[in-house]
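Please read it alongside the sequence and coordinates shown below.

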Amino acid sequence: MSGPQTPSRQGILSWPFVLRNAYNLLVRRRFEFAFDRMPLRIEGVSFRKTLNLAGIGLNRVFGIAPALGYPYMAHIPPSGLCDLSCRLCPANDEKNRGRSLLPFATFKRFIDQTGDYLLYVILWGWGEPLLNPDLVRMCAHARERNVLTVTSTNLNRLTRPLAADLVQSGPDALIIALDGVIEKTYRRLRPGGSAERVMANTRLLVEERAKAGSRRPFLNLRMVVSRENEHEIEPFRLLARDLGVDMVSFKAFSTRQPGYADPAHDRAFVPEEEHFRWYDYRPGYVADPRRGRYACRFPWTKPTLFPDGTVLLCEFDLCYERPLGDINRLSFRDIWFGPEARAVRKRFKRDRAGLAFCRDCVYDFKKFPGCVVDWEVLRP
């Protein structure tokens, strides 16, 4: 594994992207890509991972129904609990499942069965990862299988020993979710937290990284832009430079949840500046559908493992409408290539809107690739 590279605007596993990286993969055993606009690189990619990447790439590009390989990434929230009470966040909805901490044994079982194929894992979801005392241990275990780890935290809970551990054995990239430079703005958006505390903790993390002489984790200061904080965008850019992080990014604010889209939420929260909006809007703040639906390939490329061991095809299946199986009871191979997974993929191709967690998908009709609308790498 290695440090940051220049971000690519091509999607991972698009044919132009793969062809450009074929030499790196086959000869140099290196794979360079951008996740959430963060530049990442994996060294020493095994032939097995390369071969699997080629197989699952066919699923990615052509949408072939049967899974032609293991996933190359996975979404694994270490925590379904959060110490903040942000509006509209599913972590605060008691009807949603997976509201607990992921046991290390469950994580280890998953990685031990998929690590020969995975390139990276996303260690966050609808909760605060730092609430899980095994987060660093999870990152270290993934690294043993040459699997990159990326996490996102509100960073309200950090001690110097934990900061040192995150630098020594923690994630390869870490997003710091700070949505306001002004304390009043931040507390309104993230009740229960403190902007000043997050800034102090960011400085602490940068300090511990410098002390260790390490480039890891790659630090990305992020703002989710809404109508309540868009006036702080430029001060936020300056703050990122002052804090000494590696990147500053701005994520578009989305109000959509599985199965519904409420224009009243969009009217209240989306920024006035159109550049930072997910969607073009028709009158009444209804998303304009003319940009088309998202060409989703998650059912073939990115499983989600919730803290109780349930494997799902999407992180938005919050109520377990179509669970594939329990990793604590079944092998991942039996789950991923099993009858339930095959049935859901066929249903997905035939009638995606028939799945509740796919209706009103946040990625449908959006104006730009991914969810990051603006960014700058400050320390390449």
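## Overall fold

The protein contains 12 helices and 14 strands; helices (H or I, at least four residues) and strands (E, at least two) are DSSP runs, numbered from the N terminus. Its radius of gyration is 20 Å, close to the 21 Å given by the globule rule for 380 residues, so the protein is as compact as a globular protein of that length. The radius is taken over C-alpha atoms, and the globule rule is 2.2 Å times the number of residues to the power 0.38. Along the principal axes, the C-alpha trace spans about 55 × 50 × 40 Å.

The model is predicted: local features need pLDDT of at least 70 and side-chain atom pairs count only at pLDDT 80 or more, whereas totals for chains, interfaces and linings use all residues. Residues are numbered from 1 along each chain as its sequence is written, and side-chain values use heavy atoms, with hydrogens and water left out.

## Helix packing

Two packed helices are described by the angle between their axes and the distance between the axes. Axes are lines fitted to C-alpha atoms, for helices over the stretch in contact, and angles run from 0 to 180 degrees between N-to-C directions. Helix α4 (residues 135–144) packs against helix α5 (residues 160–169) at about 10°, with the axes 9 Å apart.

Helix α7 (residues 195–212) and helix α8 (residues 233–243) pack at an angle of about 35°, and their axes lie 10 Å apart. Met199, Thr202, Arg203 and Val206 of α7 meet Leu239, Asp242 and Leu243 of α8. By class, this contact has 4 nonpolar, 1 polar and 2 charged residues.

On a 1 Å grid over the protein atoms alone, a cavity is a set of points where a 1.4 Å probe fits but cannot get out, and a pocket is an open set with protein on both sides within 12 Å along at least five of seven lines; lining residues have an atom within 4 Å of a point. Grid points are joined across faces, edges and corners, and a volume is the space filled by probe spheres set on the points.

The largest cavity holds about 140 Å³. It is lined by 16 residues, of which Cys296, Phe298, Cys314, Phe348 and Cys358 are the closest to its centre. Its lining draws at least two residues from each of α10 (298–301) and α12 (339–350), and comprises 14 nonpolar, no polar and 2 charged residues.

## Backbone geometry

Most residues other than glycine have a negative phi, and most peptide bonds are trans. The bond from Arg216 to Pro217 is cis, with omega near 0°; Pro217 is in the loop between α7 and β7 (218–225). Arg29, in the loop between α1 (15–28) and β1 (30–35), has a positive phi near 55°.

Technical notes. Ala, Val, Leu, Ile, Met, Phe, Trp, Tyr, Cys and Pro count as nonpolar, Asp, Glu, Lys and Arg as charged, and the others, Gly among them, as polar. Contact means heavy atoms within 4.5 Å.
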